[in-house]
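Please read them with the structure open.

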Amino acid sequence: MSTKEETSETESLHFFDPHFHIWNLSKNPPIHDVNILFPPNNDPNYTLAKYEAEFQGNDDNTDAVIPCTHIGGVFIEAMSVCYPSEENINCQCLEEASWVIETIRRDNCNNKEYVVVGSVCLEADDASETLRSLAALSGEVSFVGIRQIVNKDPSWPRNGVRDDFLTNLKWQNGYSLLANHQLSFDLQCNPSQFTTAAKFISNHPNIPVIVNHMGCFLGKDLEDDSSWKGLEDLAALSHVFIKISMLCYTHKDWDTKGKGREETFN
């Protein structure tokens, strides 16, 4: 392990955040669902500047063994938990992506590297049209992928009254369209869904897949051999990757016990 004495004054650990959110609940009408998303620190407008400010202490910490420098990140949609009673929210998905791209263009004063992963109701009849519209947003800020949360049993807000998307034919057809636009897919599912996901994803090797939140393991899943077998099935696919984030999720009170992070949905 490096010591402070062994570290040059110019050495810095560059941190590219693979998973962050910003949102504005003060817009009228709001883009996001105010009944689902929370206002961080009671501020309904969690801006890019406020997000970047959270890294300021690390960037300026000269006592750190290796100072950390935040260089950018991947905005991840927050729409696929919103409006659970509405069957199709693709208009809101497009609005969210347009808003965040414009926000980054306007407020990225430090010229950091940001890309955007939006959302689509892939099972909807207008999925193809929505994907074309989203892909067309890419420019100064790149639109690179789609996330549609698919956690089922236990289900995240939009999924409780719907079929398991991973086995839904209309959803599967929508998923296949991602390859037409060179878009990746951020996979957020339960460990109990890993095996099903791996079987389906293996049929689409041209769509890169990023497993979210270290697989969303809960405490009970850590002792379930089938969960680990499912993760091995995903790991065997060369186009599947996993991101290190939300490690606290295994704790039963993960949403209230995190230091300074009382996030309900991420």
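**Notes on the packing and the backbone**

1. The buried residues of H4 pack against H3, strand E6 (142-147) and H5. Buried means under 20% relative accessible area, exposed over 50% and partly exposed in between, with a 1.4 Å probe and protein chains only. Helices (H or I, at least four residues) and strands (E, at least two) are DSSP runs, numbered from the N terminus. The buried set in H4 is Ala127, Thr130, Leu131 and Leu134. Seen down the axis of H4, these residues fall within an arc of 100 degrees, so they line one face of the helix. The arc is taken over the directions from the helix axis to the C-beta atoms.

2. On sources: this is a predicted model, in which local features need pLDDT of at least 70 and side-chain atom pairs count only at pLDDT 80 or more, while totals for chains, interfaces and linings use all residues. Residues are numbered from 1 along each chain as its sequence is written, and side-chain values use heavy atoms, with hydrogens and water left out.

3. The protein chain has 8 helices and 9 strands. Of its 266 residues, 48% count as buried. Take the contacts (heavy atoms within 4.5 Å) between residues at least 6 apart in sequence: 77% join residues at least 24 apart.

4. How do H3 and H4 cross? The axes of helix H3 (residues 90-107) and helix H4 (residues 127-135) come within 10 Å and cross at roughly 5 degrees. That makes H3 roughly parallel to H4. The label applies to angles under 35 degrees; over 145 is roughly antiparallel, 65 to 115 roughly perpendicular and the rest oblique. Axes are lines fitted to C-alpha atoms, for helices over the stretch in contact, and angles run from 0 to 180 degrees between N-to-C directions. Asn90, Cys93, Leu94 and Ala97 in H3 meet Ala127, Thr130, Ser133 and Leu134 in H4.

5. Helix H6 (residues 194-201) buries Phe194, Ala197, Ala198, Phe200 and Ile201. Their arc around the axis is only 165 degrees, which puts them on the same side of H6. Their cover includes helix H5 (169-176), strand E7 (184-187), strand E8 (209-211), helix H7 (225-235) and strand E9 (240-242).

6. Look at Leu234 in helix H7. Leu234 is buried, at a relative accessible area of 1%. Beyond its neighbours within four places in sequence, Leu234 contacts Leu187, Phe194, Ala197, Ala198, Ile201, Val211 and Val240.

7. Asn24 sits in strand E2 (residues 23-24) and is buried, at 11% relative accessible area. Its side chain makes a polar contact of 2.4 Å with that of Ser26. A polar contact is a pair of N or O atoms within 3.5 Å; within protein, one must be able to donate a hydrogen and the other to accept it, and residues adjacent in sequence count only if both atoms are side-chain atoms. The Asn24 side chain also reaches the backbone nitrogen of Lys27 at 3.4 Å.

8. Check the backbone. Most residues other than glycine have a negative phi, and most peptide bonds are trans. Cis peptide bonds join Asn28 to Pro29 and Asp153 to Pro154. Tyr83 has a positive phi of about 50 degrees and is buried at 16%. Asn111 has a phi near 55 degrees and is exposed at 70%.
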